[in-house]
Amino acid sequence: MLNQAYYDKTDEIIASHGLTQAALIPIIQDIQAEYRYLPPELLSYVASKLSIDEAKAYSVATFYENFSFEPKGKYIIKVCNGTACHVRKSVSILERLYSELGLSEEKATTDDMMFTLETVSCLGACGLAPVLTVNDKVYPAMTPDAAAELIRELRGA
Amino acid sequence: MMKKIENREVLEQIRQTSREQMNKSKCRVLICAGTGCLSGGSGAIYDRMCELVGEHPDVEVHFGPEIAHGDGEIGVKKSGCHGFCEMGPLMRIEPQGILYTKVKLEDCEEIFHRTIEKGEPIRHLLFKRDGIEYQRQEEIPFYKKQTRNVLKNCGHIDAEHIEEYLSIGGYEALEKALFDMKPEEVVSEISESNLRGRGGGGFPTGYKWSQVAGQKEKIRYVVCNGDEGDPGAFMDRSIMEGDPHKMIEGIMIAAYAVGAREGYIYVRAEYPLAISRLKRAIEQAEECGLLGEHILGTDFSFHLHINKGAGAFVCGEGSALTASIEGSRGMPRVKPPRTVEQGLFGKPTVLNNVETFANVPMIITEGAQWFKGIGPEKSPGTKAFALTGSVNHTGLIEVPMGTTLREVIYDIGGGIKGDGEFKAVQIGGPSGGCLITPHLDVNLDFDSLKKMGAMIGSGGLVVMDDSTCMVEVARFFMNFTQNESCGKCVPCREGTKRMLEILERIVEGKGKPEDLDLLEELATTITETALCGLGKSAALPVMSTLKLFRDEYVEHVVDKKCASHNCSALRRFIISPERCKGCSKCARNCPADAISGRIKEPYVIDNDKCIKCGACESACAFGAIHIEG
């Protein structure tokens, strides 16, 4: 059970967007921005507030890649695997991070909830390929070694 | 806070004052604050420059983003993307037009004392190529060969202040449309200009607008597609970040032309900076009355909203995009009815992309004839390209339509990076194809590329050298498309999955010769039967590489080899007996126990056990291990 504060915050978010179906995506985006994931209870709550079927809300939330029902780590690392990054060998960076963090394609978040590792199709920073982002901050011209070093820094921080 | 602009005269007055204030500053320091340079630390450089100006009260200055528009003599500004991303962080100093590249925090002091105070250029920060040092930005080959119309202001104005845009004639086109032209005249001017959609399709913009304008339904919408999802493309991002008002002005002109009162900009979530700059631009325009009710005292009222995408590539497709704004799953629907008839909320909708809208103000100001004078008649104007991959100068460029690939890659891009040789350029992202050496002199425009089996797409140009495996590239794009397939229609959902499986099999060395025929058959079926543009073009990267690099496919399938060593499963590691000292380090590092031997005698790899991880190669201190072939 989520505590009441979650529902209060959600009410606040709903109020800022209005009670229309078109507001569903912006509302759940704001919830996710607040908690770094979308608690399923809140999705049901939003659906009832907007008078839309829970199934419909669920279908929307699962369609878009950005929404996650699983809590994410403190640092969300996104390794870009767009074309430019890919041809400049971004896969080796991803592999290195998987091994540094003990993660895999199936397991995206570390047990201590420090790191979530994801790939992203393109961050639009192709001129600086290969890139990765940590909580939206862009790190340009990465190498496997630089990525490993970054993890060490973040762990120390 | 700016006062409300109630009519045409006040707008001109404000423009005049902004211009005078701009001209007053003796020296302007423009620090690139695009996504690229910010990641290189340009934010700290900006702060340091402001600090330096503040520390020297003897040099009479007033500056800073808030008061930059006061009567200061040195204005330090955060500009939009200059495009030369690889050389960032970039700093432009006016009036000299000096461009400093790869600026570091510790360079700031020197820049302040030498260039700002004394006007001297600092040599080690200037761009150099082939032994030539370039003092002025405009002389650098990367810029010299470009025609920057759409991107003209990017890097030259502070994107966060509407006054800067006004001072260089911003919203003049809107003014002209509102006061001197009827809506139908605006539509016919755009039709006359032959402007074609920059999002990839190349559909005539004027025709689209006239269809919306001619609908019975009076509630209409204008939607700007900023869901630039093609991997390897970032033109629209740079426009939204670097010159948001130009695009907004274009959207407003479209709204006036088709009689819309509401507009939406759909921006992908991966562009947080673009979203915040657009929000700011809209707020400023609302504050001074350029957006809202009775704009400039006329009957034209218009409201603009921003919608943030949620990570679905297919939302770049028109009907999926409008479904997403409506709060549904972003899935394309069967057409007709087309978006111009029943688009957003079931109403007639103009849907154009960012770059298309950014072209509109210039066409209204300069006229359709001027626009037609640039590039080929059937596809006139300029096109912005994101030049990336194995090329020396990556970045954002803009050239007239019809420029050849050779000029783009060699003159502007400075040729192939390192010792590699040009192999191919991938154009148009996951919906596009490849061009190879014989195509270097092909004109880059909608019609010429279509003939080559490629397309301009949104404008991503990814240059590949001979270290790239084309089969792997095809697999990469198919993996992308398969991931992004929304699952609504069978050909795309199932077909791309099967194609991906075959390609994966091939790169793993398990392909069969008949797989190539099967790929072609599937490709044809998907192209002919898929519901939307994503599916219809999903097979293009495979078809294009199969046609141009069939040998490579055959090599993978028959010889089980990958000449560029990209496909790890096809690598064969061998230990050279001459170089091996028999230290056993490789054997100890091998996770698969595939290496055996006796101390001080050459070791050997059992390729049946080898998992091709390469751990031995990096462990060997004598360079004795390498990939065969």
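Here are some questions and answers about a predicted model with a chain A and a chain B.

Residues are numbered from 1 along each chain as its sequence is written, while chains are lettered from A and ligands numbered from 1 in the order in which they are written. Since this is a predicted model, local features need pLDDT of at least 70 and side-chain atom pairs count only at pLDDT 80 or more, whereas totals for chains, interfaces and linings use all residues.

Q: How many helices and strands does chain A have?
A: Helices (H or I, at least four residues) and strands (E, at least two) are DSSP runs, numbered from the N terminus. Read from that end, the elements of chain A go α-α-α-α-β-α-α-β-β-β-α. The total for chain A is seven helices and four strands.

Q: What distance separates the centres of the two domains of chain A?
A: Domain bounds come from an automatic or database domain assignment. For chain A they give domain 1 (4–63) and domain 2 (75–156). Taken over C-alpha atoms, the centres of these domains are separated by 29 Å.

Q: What percentage of the residues in chain A is buried?
A: A residue is buried if 20 or more other C-beta atoms lie within 10 Å of its own, exposed if 12 or fewer, and partly exposed in between, with C-beta atoms placed from the backbone. Chain A has 157 residues, and the buried ones make up 38%.

Q: Which strand of chain A pairs with β1(A) in the antiparallel sense?
A: Two strands pair if DSSP finds at least two bridges between them. Strand β1 (residues 75–80) of chain A runs parallel to β2 (residues 115–120) of chain A over six bridges, and there I77(A) has L117(A) as its partner. On the other pairing, V79(A) stands opposite L132(A). That antiparallel partner, joined by three bridges, is β3(A).

Q: Which element gives the most residues to the side of chain A that touches chain B?
A: Two residues are in contact if their C-beta atoms, placed from the backbone, lie within 7 Å. The contact between the chains takes 32 residues from chain A and 42 residues from chain B. On the chain A side, α2 (24–35), α4 (54–63), α5 (83–87) and β4 (137–139) each supply at least two residues. The most, four residues, come from α5(A).

Q: Which are the edge strands of the open four-stranded sheet in chain B?
A: The order of the sheet is β2-β1-β3-β4, with mixed pairing. Strand β1 (residues 27–32) of chain B is joined to β2(B) by six bridges, one of them between R28(B) and G75(B). Pairing on one side only marks the edge strands, β2 (74–79) and β4 (98–100) of chain B.

Q: Why does A621(B) count as exposed?
A: A621(B) lies in the loop between α25 (615–619) and β19 (625–627) of chain B. Its C-alpha atom is 9.3 Å from that of C586(B), 35 residues apart along the chain. A621(B) is exposed because the number of other C-beta atoms within 10 Å is 9.

Q: Is K612(B) exposed or partly exposed?
A: K612(B) is found in the loop between β18 (604–605) and α25 of chain B. Its phi is near 60°, a positive value in a residue other than glycine. With 17 C-beta neighbours inside 10 Å, K612(B) counts as partly exposed.
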